[in-house]
Amino acid sequence: MSNPTLGIIGGGQLGSLLAEAAKKLNIETVILCDDINAPAKNFTTNFICGSYEDEKIINEFISRVDLITFEFENIPYKVLKNINEHKTVLPKPEINKLVQNRYTEKDFLNKNDIRTTRYTLIKDEDEIKINQNLIPGILKTCTLGYDGKGQYKINSIKDIDKNIDFNNEYILEKIINLKQEISIIITRFGHQKYVVYEPIENVHEDQILKHSKIPADISDSLKEKSTDWAKKIVEDLDYIGTLCVEYFIDKNNNLYVNEIAPRVHNSGHLTINTHNISQFENHIRAVCGLEKIETKKIHNGKMINLIGSDISNYRGKTFADNEFFYDYLKTEIRDNRKMGHLTIIEK
Ligand code: ADP
Ligand code: MG
């Protein structure tokens with residue numbers, strides 16, 4: 001059987017890196033994105049620009065591909081479900097529906113005996129007042145938040161911001177005494193068949209990922225527990241493709257799942273240079289039904305996100321042979337926007 005043509009929804013840096021990995025495997029990609037300046041235009045074989053809600057555009061996209069994946073989870077469920085009736089979407093749209101809402105995501109985890117921070121659903125201001133046991137807490141929109149967007153810190157009920165729009169649903173989540181953050185990238189190919197990368201240690205600044213490194217400076221028991229939970233999550237979801245689990249570790253070394261990203265993830269960018277097979281290539285292999293190859297670490301390393309104007313210090317620079325610079329080729333530099341990254345490997 002010849003290689004399939006892969007449709008990818010979303011044309012940001014993750015779409016770009018997926019398209020590059022596909023190219024390496026001789027798989028053509030068609031990227032669909034609503035941004036005419038999508039950076040992935042520079043990396044994909046074919047590009048379609050249009051709204052995810054435009055039936056004509058969607059039909060064109062469907063007709064040009066054999067199967068479909070996505071780079072971000074916030075695609076409306078009805079769009080993915082409709083596409084899936086014509087061409088297979090992987091991971092399954094139902095998984096997206098579950099994790100694109102923080103409340104249903106956390107309920108799913110707790111039902112499967114996986115610890116999260118304490119939380120409750122909030123529909124109005126009064127519900128915050130009756131849940132003072134979760135203060136100090138963070139109010140987070142149930143849907144569409146990323147990089148700390150749609151979040152309000154609540155130190156006391158006097159703090160409730162008058163600008164909070166209660167037309168949206170929120171969760172109120174207890175703030176924990178955070179010691180470290182880690183993530184696990186896992187690619188599942190089928191029942192009990194997966195590649196699990198070792199835990200990656202992450203540092204956020206202003207709620208945006210700044211650095212990621214391997215090995216994570218954590219105990220063997222935390223390594224084991226985080227790995228077991230990641231395997232349990234992909235099995236419970238009957239997941240196909242690469243997924244990221246983000247964890248918190250508190251000052252007492254308790255482990256919590258923060259969130260699940262049903263896709264390749266920024267903290268896994270270093271796998272391009274530290275492993276023989278990256279999170280992107282494994283994702284493409286899994287969704288396209290290619291062979292699972294033993295994935296090995298070749299180097300330890302660290303990834304630095306280049307955010308906003310950081311990128312200007314790197315464009316045109318010469319790099320050492322253990323440094324790998326990725327420019328996402330975004331047309332406009334904006335504050336808090338991920339513009340590129342640098343990975344430094346230990347030789
Ligand atoms: P996003 O979906 O925007 O990534 P997260 O829920 O992952 O939002 O929060 C972003 C960051 O904020 C986390 O990586 C962590 O550093 C901090 N944070 C979020 N929730 C909590 C919490 N309950 N306790 C302590 N820190 C938190
Ligand atoms: Mg997060």
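Colleague: What should helix α7 span, going by its 18 residues?

Modeller: This is a predicted model. Helix α7 covers residues 220–237, and at 1.5 Å a residue those 18 residues should span 26 Å. The end C-alpha atoms of α7 are 26 Å apart, which agrees.

Colleague: Which residues of α7 are buried?

Modeller: L222, S226, T227, W229, A230, I233, V234, E235 and L237.

Colleague: Why would residues a few places apart point the same way in a helix?

Modeller: An α-helix has 3.6 residues a turn, so residues three or four places apart point the same way.

Colleague: Which residue just after α7 takes a positive phi?

Modeller: D238, with a phi of about 50°.

Colleague: Changing topic. Is strand β12 largely enclosed or open?

Modeller: Strand β12, residues 208–214, is largely enclosed by the rest of the structure, because five of its seven residues are buried. Buried here means under 20% relative accessible area.

Colleague: How does β11 join β12?

Modeller: Strand β11 (residues 200–205) runs antiparallel to β12, and five bridges join the two. E205 stands opposite I208 in β12.

Colleague: What about the hairpin of β11 and β12, how many residues sit between the strands?

Modeller: Two residues. In that hairpin D206 takes a positive phi near 50°.

Colleague: How many bridges join β12 to β15?

Modeller: Four, and β12 and β15 (residues 301–307) run antiparallel. The bridge partner of S212 in β15 is M303.

Colleague: Which residues line the largest cavity?

Modeller: E181, I182, S183, N202, H204, L209, E246, Y247, H265 and S267.

Colleague: Which strand gives the most to that lining?

Modeller: β9 gives the most, with three residues. At least two residues of the lining come from each of β9, β11 and β13.

Colleague: And how does the lining of the largest cavity split by class?

Modeller: Three residues are nonpolar, five are polar and two are charged.

Definitions and conventions
Residues numbered from 1 in each chain as written. Chains lettered and ligands numbered in written order. Predicted model: local features only at pLDDT ≥ 70, side-chain atom pairs only at ≥ 80, totals over all residues. Heavy atoms only, no water. Expected span 1.5 Å × (residues − 1). Buried < 20%, exposed > 50% of the residue type's maximum accessible area, 1.4 Å probe, protein only. Pairing = 2+ DSSP bridges. 1 Å grid on protein atoms, 1.4 Å probe; cavity = no way out; pocket = protein on both sides within 12 Å on 5 of 7 lines; lining within 4 Å. Nonpolar A, V, L, I, M, F, W, Y, C, P; charged D, E, K, R; others polar.
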